[in-house]
Amino acid sequence: FFSIVDHSGNVPAYAPEHLASLWLSKRFDSGFGISGGARYVGDQFIDEDNLFRIDAYTVLDALVTYERERWGARLHLRNLTDQDYEGRGFGSASILPSDGFNLMGGFHLNL
């Protein structure tokens with residue numbers, strides 16, 4: 001047995017119609033820097049049949065940096081508003097929630 005499935009006219013899965021990103025940065029003579037930005041991802045279907053969809057979301061992020069001649073440090077603050085959203089899904093089987101507010105730090109040394 002075989003069957004023919006026609007998906008013509010459907011919106012491709014995992015392809016939101018609208019995506020936008022804005023990131024602004026400012027560095028100061030003292031070595032400090034600040035950055036902030038927003039990411040918008042529109043509604044998207046998560047299956048080829050267009051039966052299951054995850055909602056659009058907007059996430060705000062920020063970054064604080066400090067740079068010296070030979071080293072630097074950064075602190076990245078993601079999802080500042082602690083928004084709940086689904087970042088990915090796989091048909092009707094599962095929807096994967098994205099992380100809430102989180103902090104990541106880093107340090108680098110220029111040799």
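**Exercise 1. Find what the side chain of Asn50 reaches, and say where Asn50 sits.**

Start with the backbone nitrogen of Val11: a polar atom of the Asn50 side chain lies 2.8 Å from it. That's a polar contact (a pair of N or O atoms within 3.5 Å; within protein, one must be able to donate a hydrogen and the other to accept it, and residues adjacent in sequence count only if both atoms are side-chain atoms). Before going on, note that this is a predicted model, where local features need pLDDT of at least 70, side-chain atom pairs count only at pLDDT 80 or more, and totals for chains, interfaces and linings use all residues. Residues are numbered from 1 along each chain as its sequence is written, and side-chain values use heavy atoms, with hydrogens and water left out.

Strands here are DSSP runs (E, at least two residues), numbered from the N terminus.

Then list its contacts (heavy atoms within 4.5 Å). Skipping neighbours within four places in sequence, Asn50 touches Asn10, Val11 and Phe45.

**Exercise 2. Work out how β5 is paired.**

Take β2 (residues 32–41) and β5 (residues 57–67): they run antiparallel, joined by 10 bridges. Pairing requires at least two DSSP bridges. Ile34 has Val64 in β5 as its bridge partner.

Now turn to β6 (residues 71–78), which is antiparallel to β5 and joined to it by six bridges. Opposite Ala62 you'll find Leu77 of β6. Finally, check the turn: β5 and β6 make a hairpin, with three residues between them.

Technical notes
Helix = DSSP H or I, 4+ residues; strand = E, 2+ residues; numbered from the N terminus.
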